[in-house]
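Visitor: Could you walk me through this one, starting with the ligand?
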Amino acid sequence: MKKYILKRILTLLPTVFIVSVVVFLLVHLTPGDPAAMMLGDDATMEDIAALHAKLGLDDPLIVQYIRWVSRCLQGDFGTSTAVIGQKVSDMVFSHFRPTLCLAIYSQLITILLAIPTGILAARKRGRIADMITSVLSLLGISLPSFMMGLGLVLLVAVHFRALPAAGYKDLFTDGLLPFLRYMTLPALSLGFIHAAYMMRMTKTSMLEVLSSDYIKMARSKGVKEHTIIGKHAFRNAFLTVLTVIGQGFISALAGAAVVEKLFTIPGIGTLMVDSIEKRDYQVIQAITLLIAMLNVVINLIIDLLYGLCDPRIRLE
Amino acid sequence: MTDTILSVSNLSTSFRTDRGWLKAIDGVSFTVHRGEILGLVGESGCGKSVTSQSIMRLYEEKRMVRYEGTVMLSGTDLLSLPFSRMQHIRGRDISMIFQDALSSLNPVLTVGDQIMEPLRIHQKMRGDAARAEALNMLRLVGIPAPETRLRQYPHELSGGMRQRVMIAIALACHPQLLIADEPTTALDVTIQAQIMDLIVFLNRQLAMGVILITHDLAVVAQTCQRVAVMYLGQIVEEGGVPDIFDRPLHPYTRGLLASIPRMDGDRRERLHVIDGTVPLLHQMPSGCRFAPRCPYATDHCRKEMPQLRSVSGGQSVRCWREEE
Ligand SMILES: Nc1ncnc2c1ncn2[C@@H]1O[C@H](COP(=O)(O)OP(=O)(O)OP(=O)(O)O)[C@@H](O)[C@H]1O
Ligand SMILES: [Mg+2]
């Protein structure tokens with residue numbers, strides 16, 4: 001297992017390198033002089049040149065890249081060019097918590113919703129339960145998340161007045177109950193599309209596993225039906241579902257902008273949209289890097305979980 | 001030898017398909033005695049697997065399958081048992097082993113877990129007791145270093161080892177009856193012989209009945225006391241191995257025996273020398289099912305189906321030619 005973990009981590013290094021180069025170049029190749037942008041319209045040529053020298057913008061690209069990487073490794077992402085004096089790391093960090101909490105909550109809902117219904121649909125193939133889940137999953141796949149969000153707001157918040165229509169409460173400073181009250185609708189609209197997908201994947205992989213020989217063997221041993229489903233079948237079907245969970249996490253983190261805007265949640269998505277409007281390149285760069293690295297980390301975690309769940313992979 | 005364990009009579013199994021209900025096996029009857037190995041042979045698709053899986057009621061989807069007839073196991077009719085009772089029979093009184101051990105063992109569970117499972121279910125064994133019994137079983141089926149094997153996963157074992165593990169799982173609760181559905185087809189020749197020897201050894205050691213499904217008539221000749229020959233969902237001939245091999249009565253059995261490869265040849269060769277092809281289930285002939293391929297078929301054969309009738313010395317045959 002140790003060898004497997006080490007191998008997984010080593011194979012990530014090239015990816016991390018390429019991602020960092022791309023993110024670095026992304027900002028350096030965008031038109032416009034960041035120094036001129038920081039100083040505003042009425043800056044003199046001398047001022048701009050002085051800032052250039054101070055920021056090292058005239059150094060060769062390689063030197064700039066190495067300097068940037070070593071700063072990033074120390075958690076220093078520079079200062080914002082739009083909000084004077086603000087450290088980028090502070091801005092990103094404070095906006096990251098709502099996004100992360102929202103992503104985790106929405107994925108929890110997704111998993112708890114999709115996996116049991118997927119299993120149920122596989123068990124009751126061709127019956128009403130199966131039909132309902134098929135319709136729901138079709139709905140989930142064809143409905144964009146902002147439509148889903150709007151619909152939920154209209155129904156639950158406006159019509160039934162059951163939950164607030166927008167706003168943010170933090171899990172750690174405001175407590176669990178306010179968090180759940182405010183975050184359930186955003187989490188649902190963020191997770192629904194993925195829940196539909198996960199449900200279908202659970203169903204198809206369960207169906208495949210249930211028709212396999214080792215399930216027949218387990219039945220011929222006298223294993224009870226619920227143990228067949230829970231122990232023999234789901235453990236195998238879960239291997240497919242695990243990948244889907246990873247994808248869900250990534251898309252919940254990277255794709256939260258629409259939902260965050262809709263529910264006015266001060267998350268990474270909101271910060272990204274604001275920074276794009278203000279051309280705050282330092283922040284954009286930091287967020288892009290963060291999302292890309294999260295992608296890598298989540299994939300690593302999924303790989304490791306995969307190794308944990310599937311003995312055939314672990315030993316290779 | 002006269003102690004009957006299993007008595008199947010008039011067993012028919014139908015599946016619901018797009019074309020309506022199809023009878024995969026039709027009126028199958030046979031018995032298995034304690035300590036006996038009964039061979040079940042016939043061409044591919046004749047219903048050997050359906051017969052064995054119907055005995056264990058492994059086709060569980062109620063609306064998709066229909067059983068008729070009776071399957072008496074030591075005095076209880078399995079087909080009329082409630083499903084929950086059937087689960088207690090499986091693995092405790094009847095067990096089954098399959099052709100491909102790699103796909104029949106759960107890839108994510110250890111060998112130990114899979115052997116101990118029937119012990120936990122049927123004998124309520126826990127912890128060390130279950131472990132000790134699992135080790136016993138692994139030793140019984142001839143697996144070296146059983147303590148290590150217990151912690152391993154199926155993919156870590158060789159093909160022959162996996163087959164032994166599957167046998168150990170099936171026999172963990174010492175069932176009265178073992179159904180082996182082509183247990184050696186997926187193995188190479190030397191391992192095949194070892195596994196067959198093991199099955200014969202265990203059959204004597206545990207005094208259980210065995211139904212051995214196989215394509216290999218040479219194996220039947222070496223290991224079975226009796227043999228039943230199936231054709232298109234029916235048993236066409238049944239009897240003691242020496243009788244049937246010396247004096248096959250049904251033209252189909254004769255064809256099969258004529259197509260037997262010589263003992264020094266490649267024993268894995270499949271049996272397909274009889275002329276003609278097997279009709280599909282939904283276009284079954286109304287008379288004798290073998291008539292379209294039978295060199296002796298008469299109009300009578302084509303019109304009316306013969307019944308399985310005993311002739312002499314415990315041999316029975318389903319053929320009009322033997323009626324006189
Ligand atoms: N679940 C099912 N639904 C519909 N038809 C089936 C089903 N299982 C088996 N059959 C049909 O029943 C017939 C007998 O199949 P079976 O698997 O018993 O053959 P077999 O004698 O075991 O052949 P083989 O030697 O290839 O294993 C075949 O025509 C098959 O198509
Ligand atoms: Mg078969």
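Visitor: How far is a backbone N or O atom of B:Val50 from an oxygen atom of ligand 1?

Guide: In this predicted model, the distance is 2.8 Å, and such a polar contact is a pair of N or O atoms within 3.5 Å.

Visitor: How many residues surround ligand 1?

Guide: There are 13, counting residues with a heavy atom within 4 Å, and B:Ser44, B:Gly45 and B:Lys48 are among the closest. Five of the shell residues are nonpolar, five polar and three charged, where Asp, Glu, Lys and Arg count as charged, Ala, Val, Leu, Ile, Met, Phe, Trp, Tyr, Cys and Pro as nonpolar, and the others, Gly among them, as polar.

Visitor: Which helix gives the most to that shell?

Guide: That is helix 1 of chain B, residues 48–55, with three residues; helices here are DSSP runs of H or I with at least four residues, and strands are E runs of at least two.

Visitor: Switching to chain A, how many helices and strands are there?

Guide: Chain A has 14 helices and zero strands, and its C-alpha atoms fill a box of roughly 85 × 55 × 35 Å along the principal axes.

Visitor: And how do helix 12 and helix 13 of chain A cross?

Guide: Their axes, which are lines fitted to C-alpha atoms over the stretch in contact, with angles from 0 to 180 degrees between N-to-C directions, come within 9 Å and cross at roughly 145 degrees. The contact, meaning heavy atoms within 4.5 Å, includes A:Leu271 and A:Met272 in helix 12 and A:Ile287 and A:Leu290 in helix 13. By class it has nine nonpolar, two polar and no charged residues.

Visitor: What should I know about the numbering and the model?

Guide: Residues are numbered from 1 along each chain as its sequence is written, while chains are lettered from A and ligands numbered from 1 in the order in which they are written. Local features need pLDDT of at least 70 and side-chain atom pairs pLDDT 80 or more, whereas totals for chains, interfaces and linings use all residues, and side-chain values use heavy atoms, leaving out hydrogens and water.

Definitions and conventions. A polar contact is a pair of N or O atoms within 3.5 Å; within protein, one must be able to donate a hydrogen and the other to accept it, and residues adjacent in sequence count only if both atoms are side-chain atoms.
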